[in-house]
Amino acid sequence: MNASVSLSHHTLDIEQPSLQPTDELLAAAKQHILFTANRPDIVMARGEGMMIYDTEGKGYLDFIGGWAVNSLGHSPAVLQEALARQASQLVHASPGFYNEPQVKFAELLCQVSGMDKVFFASTGAEANESAVKLARKHGALHLDGACEIITLTNSFHGRTLAMMSATGKPQWGPLFAPKVDGFIHVPINDLDACFAAVTNRTCAIMVELVQGEGGVHALSEAYLYGLRKICDMYGILLIFDEVQTGLGRTGKLFAYEHYGIQPDILTLGKGIGAGFPLSAMLTKARFDLFQPGDQGGTYTGQPLGMAAGLAVLQELLERDLAASADKHGHELISRLEELTATYPITDVRGKGLLIAFDVPEGMAPKLASACMERGLLINATRASTIRLMPALIVQTQHIEAMVSILRLAFDHLLSSHDG
Ligand SMILES: Cc1ncc(COP(=O)(O)O)c(C=O)c1O
């Protein structure tokens, strides 16, 4: 099969391998792919805009957005073009050299974030590891060896061993012992608890401004203001993990703009590459503290990823997709609130296009699969919580279609007493 991808400068004829039957692919997947998650018996094949299609040709309206990653929708033309152009120039140099897209991307990212310096990586967990290392370096140099980081219960910071230790998921407590030491967990929006946890061993406080995996819970303004004050008082660093909330997702380019409070360290991931694995840790010039050997990575600042990130950020800015996320987020929330009159939906919440609502305990996974059967992807982040994080390109007609399918799924569950 030939797919013709039209680019502004030239047309690429991509020879696509003919697809193997789905049942063969599934059998091979079950035989060879290490089990880490329960996955449905479908195989994804291609995507376009708000839609993703499986190998049977069935289309799904995607309100999971690649797990808050596909900020520009599926296979956006700007990403295709940037990757094709950069791949023809230079795919990879070495982390030992600068490259042009890296410099341009760093410049633009610093300009829009108000930060001064950036370290690039590939995943959110790595960006957060970099943040923790930089905070510990600050502790070693300026806080008499302080190395503890305060994080929040119910938070999520990634799946490396250190980030599993930083994450405040109670069910992860006993996993993969021994844990990485030096992470203290305190409850969200409880300033007294945080204040009480600060000691002369503390070098940083790390928070998500809206807890994403934890079910879409925002920090209060008073709490964040208090955290900034604590950090300033003791010279400890305030780290914002904006891996999920960053780059337009919450209706502002950065979620901290909602609060008017700046971090000392900012981490980004997911939407920054719009599907290309890319992340970043940004900081102020005064925390440019690493020495050779402290931090690095084979793929840091790799040209292909840098070209992708630059193109994605330029597109987000040019189309003002943060404002669009704000507008359509409000629309989505009010459509969901209307449904509360008819269906067992409670506590519709969120900012921009990071939205959640609750359903009776145990209903969320059933609702997600009933929606999937009907061609809609939504995420059951817990047994009683549905999370929505569509691409920032979502339009009113997608929201209308989403609500219609959600209604059908609820009608089915409630009539079959399966809910
Ligand atoms: C807030 C936050 N931080 C970090 C991560 C980890 O990112 P990654 O899976 O790219 O390592 C996630 C992923 O969901 C996240 O939501």
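A backbone N or O atom of glycine 124 lies 2.9 Å from an oxygen atom of the ligand. This is a polar contact, defined as a pair of N or O atoms within 3.5 Å; within protein, one must be able to donate a hydrogen and the other to accept it, and residues adjacent in sequence count only if both atoms are side-chain atoms. The model is a predicted one, in which local features need pLDDT of at least 70 and side-chain atom pairs count only at pLDDT 80 or more, while totals for chains, interfaces and linings use all residues. Residues are numbered from 1 along each chain as its sequence is written, and side-chain values use heavy atoms, with hydrogens and water left out.

A polar backbone atom of alanine 125 is 2.8 Å from a ligand oxygen, and a backbone N or O atom of phenylalanine 156 is 3.4 Å from a ligand nitrogen. The protein buries 82% of the 400 Å² that the ligand exposes when taken alone (accessible areas by the Shrake-Rupley method with a 1.4 Å probe; for residues, only the protein chains shown count as cover).

The chain as a whole contains twelve helices and 19 strands, taken as DSSP runs numbered from the N terminus (helices H or I, at least four residues; strands E, at least two). Its radius of gyration of 22 Å agrees with the value near 22 Å for a compact globule of 419 residues, where the radius is taken over C-alpha atoms and the globule rule is 2.2 Å times the number of residues to the power 0.38. The C-alpha trace spans about 60 × 55 × 45 Å along its principal axes. Of the 419 residues, 51% count as buried (buried is under 20% relative accessible area, exposed over 50%, partly exposed in between; 1.4 Å probe, protein chains only).

Serine 279, in strand β14 (residues 279–283), counts as buried because its relative accessibility is 0%. The side chain of serine 279 reaches the backbone oxygen of threonine 123 at 2.6 Å. In helix α4 (residues 100–113), valine 103 is partly exposed at 43%. The C-alpha atoms of valine 103 and glycine 301 are separated by 8.9 Å, although these residues are 198 apart along the chain.

In the loop between α6 and β8, phenylalanine 176 has a positive phi near 55° without being a glycine, and is exposed at 51%. A cis peptide bond, with omega about 0°, joins alanine 177 and proline 178. Asparagine 189, in the loop between β8 and α7 (191–197), has a positive phi of about 60° and is partly exposed at 35%.

The count of disulfides, pairs of cysteine sulfur atoms within 2.5 Å, comes to zero. The sulfur of cysteine 147 is too far for a bond because the closest cysteine sulfur, in cysteine 203, is 6.5 Å away. Cysteine 194 is likewise in no disulfide, the nearest cysteine sulfur being that of cysteine 231 at 7.4 Å. Cysteine 147 is partly exposed at 33%, whereas cysteine 194 is buried at 0%.
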